[in-house]
Amino acid sequence: MAHVCITGANKGIGLALATIYSQDQQVIAMCRQKSEALDALANTTIITNIDVNIHEQRELAIEIMPGHTDILILNAGILLKDQQDPLTHEKDILAQIQTNAISPLLMAQMAIPKIKKGGKI
């Protein structure tokens, strides 16, 4: 059975991917908070309190990953609505860039030693 690690697996696309993969793979679902739908999946280990923007939590997530992970899906992300206040808008844009681009790149680099030969990120 292959091992699939998914960040942001508690809802949306992450949950849909976890649902599909858990049918015939071992899923390691990483998220800040679990959901009832995620909790109901078979073949799934849920790791909570993982915020991809916090370095120590990225390290913990990588430490927990099996050393023979076949697939790592870096799905955690945010979308913040546009704000009228330019200062708030700038902060929201920076938070989205951190969560949706920088943190996944850092996590991918950190995870390389845990990815099985021929595995995918």
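Of the 121 residues in the chain, 37% count as buried, where buried means under 20% relative accessible area, exposed over 50%, and partly exposed in between (1.4 Å probe, protein chains only). The structure is a predicted model, so to speak of local features takes a pLDDT of at least 70 and side-chain atom pairs count only at pLDDT 80 or more, while totals for chains, interfaces and linings use all residues. Residues are numbered from 1 along each chain as its sequence is written, and side-chain values use heavy atoms, with hydrogens and water left out.

Now for the fold. The chain has four helices and five strands, and from the N terminus on they run β-α-β-α-β-α-β-α-β. Helices (H or I, at least four residues) and strands (E, at least two) are DSSP runs, numbered from the N terminus. With a radius of gyration of 15 Å, close to the 14 Å that the globule rule gives for 121 residues, the chain is as compact as a globular protein of that length. That radius is taken over C-alpha atoms, and the rule is 2.2 Å times the number of residues to the power 0.38. Along the principal axes, the C-alpha atoms fill a box of roughly 50 × 30 × 20 Å. Of the contacts (heavy atoms within 4.5 Å) with a separation of 6 or more, 48% are between residues 24 or more positions apart.

Next come the cysteines. A disulfide is a covalent bond between the sulfur atoms of two cysteines. Here it is taken as a pair of cysteine sulfur atoms within 2.5 Å, and the count by this rule is zero. Cys5 is in no disulfide, and its nearest cysteine sulfur, that of Cys31, sits 12 Å away. Cys5 is buried, at 0% relative accessibility. Cys31 is buried too, with a relative accessible area of 3%.

Gln25 lies in the loop between α1 (12-21) and β2 (26-30), and with a relative accessible area of 17% it is buried. Neighbours within four places in sequence aside, Gln25 touches Met1, Ala2, Val4 and Asn43. Gln84 is another story: Gln25 and Gln84 are 59 residues apart in sequence and 45 Å apart in space, C-alpha to C-alpha.
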